[in-house]
Amino acid sequence: MIPMLNFKLQSVTTTEIILIKKRTLNGEQLKFNLSRRCRKSDGKGNEYIGECSAELLLVDEENIERDDRTFYVKVALNGTFICNESQEDITDEALHSSTMLELLPHVRACLASTMTNAGLTPYIIPNSIIPEFS
């Protein structure tokens, strides 16, 4: 298990929502992708920006350009964090894991509500998708 950092979430901003629904789904297999990264903010010395995005697409449309897909959902969020750990204790692994722990509930809610508002059955991101949490 990766040690978590003392992070305090300051703000969450939705940076992107894309929903393409050109047809009704009839049990087709979907692929889920989750990406994340964290970087030091240009502002305060102990401020970080975490970025997380989740996307769902049809498996058979994986290699098709986004605009040509018949189904695609993507949400992306940024979070601003204050970390009160000493710089020596901050590893990339702990930084990314701590960021994900804080942002995952927001990404999960954004994806589910976007799909629900579009009349789709919501996809709820399971914790087990993140190896550090399983």
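This is a predicted model: local features need pLDDT of at least 70, side-chain atom pairs count only at pLDDT 80 or more; totals for chains, interfaces and linings use all residues.
Trainee: Where is S98 found?
Mentor: Residues are numbered from 1 along each chain as its sequence is written, and side-chain values use heavy atoms, without hydrogens and water. Helices (H or I, at least four residues) and strands (E, at least two) are DSSP runs, numbered from the N terminus. S98 is found in helix α1.

Trainee: Is S98 buried or exposed?
Mentor: Use the cut-offs: buried means under 20% relative accessible area, exposed over 50%, and partly exposed in between (1.4 Å probe, protein chains only). S98 has a relative accessibility of 2%. That value is under the cut-off, so S98 counts as buried.

Trainee: Which residues does S98 touch?
Mentor: Contact means heavy atoms within 4.5 Å. Residues up to four places away in sequence are not counted. The residues that S98 touches are then M4, L5 and F7.

Trainee: How exposed is A109?
Mentor: A109 is also in helix α1. The relative accessible area of A109 is 45%. So A109 is partly exposed.

Trainee: What is the order of the strands in the open sheet?
Mentor: Two strands pair if DSSP finds at least two bridges between them. The open sheet has 4 strands, with antiparallel pairing. Their order is β1-β4-β3-β2.

Trainee: Which strands stand at the edges?
Mentor: Look for strands with a single partner strand. One side of each is left without a neighbour in the sheet, so these are edge strands. They are β1 (7-21) and β2 (30-40).

Trainee: By how much are neighbouring strands of this sheet turned against each other?
Mentor: Axes are lines fitted to C-alpha atoms, for helices over the stretch in contact, and angles run from 0 to 180 degrees between N-to-C directions. For the strands, direction is ignored and an average is taken. The turn is 10°.

Trainee: How many bridges join β1 to β4?
Mentor: Strand β4 covers residues 71-83 and runs antiparallel to β1. The number of bridges joining β1 to β4 is 13.

Trainee: What angle does the direction of helix α1 make with that of β4?
Mentor: Helix α1 covers residues 92-117 and packs on the sheet. The helix touches β1, β2, β3 (47-58) and β4. With the direction of β4, that of α1 makes about 140°.

Trainee: Which residue in β3 is the bridge partner of C38?
Mentor: β2 and β3 run antiparallel and are joined by 11 bridges. A hairpin joins β2 to β3 through 6 residues. The bridge partner of C38 is G50.

Trainee: How many disulfides does the structure hold?
Mentor: A disulfide is a pair of cysteine sulfur atoms within 2.5 Å. For C52, the nearest cysteine sulfur is that of C110, 10 Å away. For C83, the nearest is that of C38, 8.7 Å away. The number of disulfides is 0.

Trainee: How far apart in sequence are the parts tied together by F32 and Y123?
Mentor: The ring centres of F32 and Y123 are 5.1 Å apart and the planes stand at 35°, so this pair is tilted. F32 lies in strand β2 and Y123 in the segment after α1. The pair therefore ties together parts whose separation in residues is 91.

Technical notes. Rings of Phe, Tyr and Trp (its six-membered ring) pair if their centres lie within 6.5 Å; planes under 30 degrees apart count as stacked, over 60 as edge-to-face and the rest as tilted.
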